[in-house]
Amino acid sequence: MDRKTIALVAHDNKKPELVKWAADNAEELKKYDLCGTGTTAKLVAEATGLEVRPYLSGPLGGDLEIGAKVAEGKINAVIFFWDPLQAQPHDPD
């Protein structure tokens, strides 16, 4: 059975919450291939010891890279800790 892939994405103000969530759920997350936008992937990997494939940071196009992989069927789920109160210059992406 092929392993499913989960992408982890978080706006800057939500990164600590996503890292805590990932640490709290590390045993379950071990069952999946993980990837994420640049800084988020690095923080989750450091905090959990899980392997998290980094894409570019969001402002540099990492969100678009992940979106393309979702469209190709190579990413099965996206966990996105979104901050609706913090405008992002790349929000339209």
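Modeller: We shall take the layout, the strands, a helix, the cores and the charged pairs in turn.

Modeller: This is a predicted model, in which local features need pLDDT of at least 70, side-chain atom pairs count only at pLDDT 80 or more, and totals for chains, interfaces and linings use all residues. Residues are numbered from 1 along each chain as its sequence is written, and side-chain values use heavy atoms, with hydrogens and water left out.

Biologist: How many helices and strands are there in the chain, and what order do the elements run in from the N terminus?

Modeller: Helices (H or I, at least four residues) and strands (E, at least two) are taken as DSSP runs and numbered from the N terminus. In this chain there are four helices and four strands, and the elements follow one another as β-α-α-β-α-β-α-β. Contact means heavy atoms within 4.5 Å; among contacts between residues at least 6 apart in sequence, 64% join residues at least 24 apart.

Biologist: What share of the 93 residues is buried?

Modeller: A residue is called buried under 20% relative accessible area, exposed over 50%, and partly exposed in between, using a 1.4 Å probe and protein chains only. By that reading, buried residues make up 37% of the chain's 93 residues. The areas come from the Shrake-Rupley method with a 1.4 Å probe, where for residues only the protein chains shown count as cover; the chain exposes about 5,800 Å², of which carbon and sulfur atoms supply 55%.

Biologist: Why is E1 described as largely enclosed by the rest of the structure?

Modeller: Six of the six residues of E1 are buried, so the rest of the structure largely encloses this strand. Both of its faces are covered, with Thr5, Ala7 and Val9 buried on one side and Ile6, Leu8 and Ala10 buried on the other.

Biologist: Which strands pair with E1?

Modeller: Two strands pair if DSSP finds at least two bridges between them. E1 pairs in the parallel sense with strand E2 (residues 33–36) over four bridges, and five bridges join E1 to strand E4 (residues 77–81), again with the two running parallel.

Biologist: Where do the buried residues of H1 fall, seen down its axis?

Modeller: The buried residues of H1 are Lys15, Leu18, Val19 and Ala22. Seen down the helix axis they fall within an arc of 100 degrees, so they line one face of H1; the arc is that of the directions from the helix axis to the C-beta atoms. These buried residues pack against E1, H2, H3 and E4, whereas Pro16, Lys20 and Asp24 are exposed on the other side of H1.

Biologist: Which residues of the largest nonpolar core touch the most other members?

Modeller: A nonpolar core is a set of buried Ala, Val, Leu, Ile, Met, Phe, Trp, Tyr and Cys residues joined through side-chain atoms within 4.5 Å. The largest one has 14 residues, of which Leu29, Leu34, Val44, Leu50 and Val52 touch the most other members. Two or more residues come from each of strand E1 (5–10), helix H1 (15–24), helix H2 (26–29) and helix H3 (38–48). Leaving aside neighbours within four places in sequence, leucine 29 is in contact with Ile6, Trp21, Ala22, Leu34 and Leu50. A second, separate core of six residues includes Ala7, Val9, Cys35 and Ile66.

Biologist: How many salt bridges does a search of the whole structure find?

Modeller: Side chains of opposite charge can pair when their charged atoms come close. Here a salt bridge is a side-chain nitrogen of Lys or Arg within 4 Å of a carboxyl oxygen of Asp or Glu, and the search finds nine. One of them joins aspartate 33 and arginine 3, at 3.0 Å from N to O; this pair links distant parts of the chain, 30 residues apart, with aspartate 33 in strand E2 and arginine 3 in the segment before E1. Aspartate 33 is partly exposed at 35% relative accessibility, and arginine 3 is partly exposed at 44%.

Biologist: How many residues apart are glutamate 46 and lysine 42 in helix H3?

Modeller: They lie four residues apart, about one turn of the helix, their side chains meet in a salt bridge of 3.7 Å from N to O, and both residues are exposed. Elsewhere, Lys69, Glu72 and Lys74 are linked in a network of salt bridges.
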